[in-house]
Every structure is written in structure tokens, then in C-alpha cells.
Amino acid sequence: ASQDIKIYHDGTHSRFKNQTGGLYLHVDNGEFLNRAGDEVIAKFLQNSRCELYYDNSKKLETTANGIDINSTGSGNGLVKINGATGSTEGIIIQRGGTEASRISHANSADLIFSMGSGVVTKLKLTSDGNVQIPNDSGRIQLGASQDLTLYHDGSHSYIVNSSGILS
């Protein structure tokens, strides 16, 4: 008798043990339910989506364009990126397989927004509450039509008001 697959109960838990190769389940659609059969844990739908649930509430769903993270009722939609101490956590946005933008958080507790060729830092919110634009060509533009502009050209600082009164 072959020992390739074992199904058994160890006195505490039921076990399905595959001894060789991979385990492949061939189904059109699949669902994992709790023991009572009254709460969904996960759904896998052919040519459609995968859904993950917490306490019978869908929290994550794959879509044709990526993923949706859901919150229902009074809960909060929350994504946690938990890196090790000494690391930099971040969200990387790629275009054509190449990094195009990044939102990161380093040990300094600064929140850093980077983008463009070489993914250069464009904006930094520092842990002491300051907002930094770390380049001389960056500008702060305020108003629906960017009526108020503050900038530094490397030598001089400017405040430009294109409408109304600056007082």
C-alpha cells in the first residue's frame, strides 16, 4: 500500500498529509466553511475572484484590476504593513513592471512620497510635524486654481498670488 497520502485523526486534530509532490485540487468553484457550515472562510471562483473572510465578513477580494479591501458595518478599512525594526515599510506602485511611485515610512518616523525617474523623494512629512519639498524646483500651490504659490529657486524664496489680495 502506498503512503503518498495520509488522512487521519491525531487525537486532537484531523490531518490530511501529502507525502510526495504537490497537492492539486481540481474544482470549478471552492469554498472553505467553518465546522458548523454557517460561516464562510474563503471562496475561490473559477474565471472570477478569490475572497477571504473574517468572522463571515468579506475583507479581501481579487478583481480583474487587482484587489479590493472591504470594510462593512462599523469597521474600518485597514491595511497594515508591518516591517521589522530597522526596515523601511512602503507601498510601491509599478508601471510596466518598473517602480513608478512609492509611499514609505522609515525608522525616522518620516512619511516619504517618492516618484518619477529614479523614484526621487518629492515630499516628506517629518515626525516633528514639518512638511518638506526637498528640491529647489518644487512648489507649494494652494487654491482650486493654484492661485497661491510658494517656492524657492535655489537662491531666492517667492510667494506668488495670482488672484485677490495677499495680506
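Predicted model: local features only at pLDDT ≥ 70, side-chain atom pairs only at ≥ 80, totals over all residues.
Accessible areas here come from the Shrake-Rupley method with a 1.4 Å probe.

View 1. Welcome to the overview. By that method, the accessible surface of the protein chain comes to about 13100 Å², and carbon and sulfur atoms account for 50% of this surface. Of its 167 residues, 11% count as buried. Take the contacts between residues at least 6 apart in sequence: 0% of them join residues at least 24 apart.

**View 2. Asp-55 in the loop between strand 5 and strand 6.** Let us step in to a loop. Strand 5 covers residues 50-54 and strand 6 covers residues 57-63, with Asp-55 in the loop between them. Phi of Asp-55 is near 55°, a positive value in a residue other than glycine. Asp-55 counts as exposed because its relative accessibility is 58%, and exposed means over 50%.

**View 3. Asn-56, also found in the loop between strand 5 and strand 6.** Here too, phi is positive in a residue other than glycine: for Asn-56, the value is near 65°. With a relative accessible area of 37%, Asn-56 is partly exposed.

**View 4. Gly-118 in the loop between strand 10 and strand 11.** On to another loop. Strand 10 spans residues 111-115 and strand 11 spans residues 120-125, and Gly-118 lies in the loop between the two. Gly-118 has a relative accessible area of 68%, so this glycine is exposed. Look for Glu-99 as well: Gly-118 and Glu-99 are 19 residues apart in sequence, and their C-alpha atoms are 8.5 Å apart in space.

Terms used:
Residues numbered from 1 in each chain as written. Heavy atoms only, no water. Helix = DSSP H or I, 4+ residues; strand = E, 2+ residues; numbered from the N terminus. Buried < 20%, exposed > 50% of the residue type's maximum accessible area, 1.4 Å probe, protein only. Contact = heavy atoms within 4.5 Å.
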